[in-house]
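Here is a friendly briefing to read alongside the model. Take a look at the structure first, and then follow the points below.

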Amino acid sequence: MVWERKNLLGLEELSKDEIESILKTAKSMKDILARPIKKVPTLRGKLVVNLFYEPSTRTSSSFSLAAKRLSADSMGLSVKKSSVVKGESLLDTAKTLQALGADAVVIRHGIPGAAKLLAEEVNIPVLNAGDGVHEHPTQALLDMYTIQEERGKIAGQKIAIVGDIKHSRVARSNIWGLNKLGAEVRVIAPKTLLPVEVEKLGVEVYTDLEEGIKDVDVINLLRIQRERQGKGFFPTIREYVKFYGLRKEHLELATDDVTVMHPGPINRGIEISAELADSNQAVIEEQVTNGVAVRMALLYLLIRGGSRDEEAIT
Ligand code: CP
């Protein structure tokens with residue numbers, strides 16, 4: 001298919017074909033990353049700006065690396081040291097970056113819809129690197145890429161997402177994307193950490209971890225946001241660990257070769273035991289590696305758009 005979309009704002013709006021096109025392009029990018037010289041000239045002369053209003057290790061650094069692997073320049077704007085602290089608005093900041101010659105902006109912001117707002121105001125591609133509790137599309141795409149790589153397919157796979165579903169943009173994007181590609185998605189959480197009418201998103205809902213992970217192919221654990229403790233979502237971390245912390249012995253309930261995922265950052269000993277996080281069944285580091293390939297694919301598709309040709313990435 002010819003890529004026509006200007007922005008990547010979320011997986012709710014993408015079609016099955018578009019998601020498959022991204023995953024296929026990411027495979028070509030991963031092949032590049034396996035070469036002795038891990039760089040192609042595809043985006044030479046282009047500038048990708050990272051505009052992060054919230055902290056990030058993986059997303060920010062892998063977008064920056066993805067740009068460099070495609071020979072684009074990458075510039076990270078340190079929001080705390082920018083004119084944002086003098087009151088400059090998000091839109092004026094983005095328009096300034098556009099005037100400086102940016103070819104794409106990657107934005108993470110605490111407000112749902114911030115990436116969409118920006119995309120409506122600038123004429124360069126905008127990539128959503130997480131907008132509040134709304135969506136984190138590049139994380140879900142790298143999760144889907146990893147599932148396809150580990151399990152050979154996504155359609156028909158039983159996938160459990162465990163943890164703070166209510167406040168998780170990762171969960172929301174995964175649910176949209178996985179459903180479009182034909183997976184059977186379950187969510188597992190205490191009732192207080194489930195959004196109202198979550199089943200309307202097309203998931204099976206469990207409040208019991210052992211019941212929910214029975215016969216699943218993939219378990220995707222979410223970070224328990226410790227800052228929420230004491231706000232009535234769960235009594236104590238110790239209690240959460242007792243009922244929802246995944247340990248190696250739990251895996252006997254799932255399918256034999258179950259794949260354990262986590263978007264990171266992980267809380268060792270809370271949502272996942274240290275032993276399990278370091279085991280062969282956990283693919284947490286593979287997810288990070290795949291994040292570079294997926295973000296290369298997105299920069300390539302969005303910046304080159306309809307002008308792209310297959311030779312550019314061979
Ligand atoms: N998974 C994820 O978004 O990690 P960062 O917050 O480190 O980017």
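Leaving out neighbours up to four places away in sequence, S21 has contacts with M1 and W3, where contact means heavy atoms within 4.5 Å. This is a predicted model, in which local features need pLDDT of at least 70, side-chain atom pairs count only at pLDDT 80 or more, and totals for chains, interfaces and linings use all residues. Residues are numbered from 1 along each chain as its sequence is written, and side-chain values use heavy atoms, with hydrogens and water left out.

**Around S21**

- S21 sits in helix α1 (residues 16–33); helices here are DSSP runs of H or I with at least four residues, strands are runs of E with at least two, and both are numbered from the N terminus.
- With a relative accessible area of 12%, S21 is buried (buried means under 20% relative accessible area, exposed over 50%, and partly exposed in between, with a 1.4 Å probe and protein chains only).
- From C-alpha to C-alpha, S21 and W3 are 8.3 Å apart in space, while 18 residues separate them in sequence.

**Overall build**

- The chain holds 10 helices and 9 strands.
- Its radius of gyration is 19 Å, close to the 20 Å that the globule rule gives for 314 residues, so the chain is as compact as a globular protein of that length; the radius is taken over C-alpha atoms, and the rule is 2.2 Å times the number of residues to the power 0.38.
- The C-alpha trace spans about 55 × 45 × 35 Å along its principal axes.
- Of the 314 residues in the chain, 55% are buried.
- Among contacts in the chain with a separation of 6 or more, 75% are between residues 24 or more positions apart.
- The accessible surface of the chain is about 13,900 Å², and carbon and sulfur atoms account for 49% of this surface (Shrake-Rupley method, 1.4 Å probe).

**Charges and salt bridges**

- The chain has 43 positive and 43 negative charges, and their mean positions are 5 Å apart; Lys and Arg count as positive and Asp and Glu as negative, while His and the chain ends are not counted.
- The place of each charge is taken as NZ of Lys, CZ of Arg, CG of Asp or CD of Glu.
- There are 14 salt bridges, each defined as a side-chain nitrogen of Lys or Arg within 4 Å of a carboxyl oxygen of Asp or Glu.
- E54 and R169 form a salt bridge, with their closest N and O atoms 3.0 Å apart.
- E54 lies in the loop between β1 (47–52) and α2 (58–69) and R169 in helix α6 (residues 169–180), so this pair ties together parts that are 115 residues apart in sequence.
- R169 is buried at 13% relative accessible area, whereas E54 is partly exposed at 24%.
- R5 and E13 also meet through their side chains in a salt bridge (3.3 Å, N to O).
- R5 is partly exposed at 24% relative accessibility, and E13 is partly exposed at 36%.
- A further salt bridge joins the side chains of K214 and D215 (3.8 Å, N to O).
- Salt bridges with shared partners link R5, E13 and E18 into one network.

**Around G113**

- G113 is in the loop between β3 (104–109) and α4 (114–121).
- At 27% relative accessibility, G113 is partly exposed.
- Apart from residues up to four places away in sequence, G113 touches D131 and H134.
- The C-alpha atoms of G113 and H134 are 7.4 Å apart, and the two residues are 21 residues apart along the chain.
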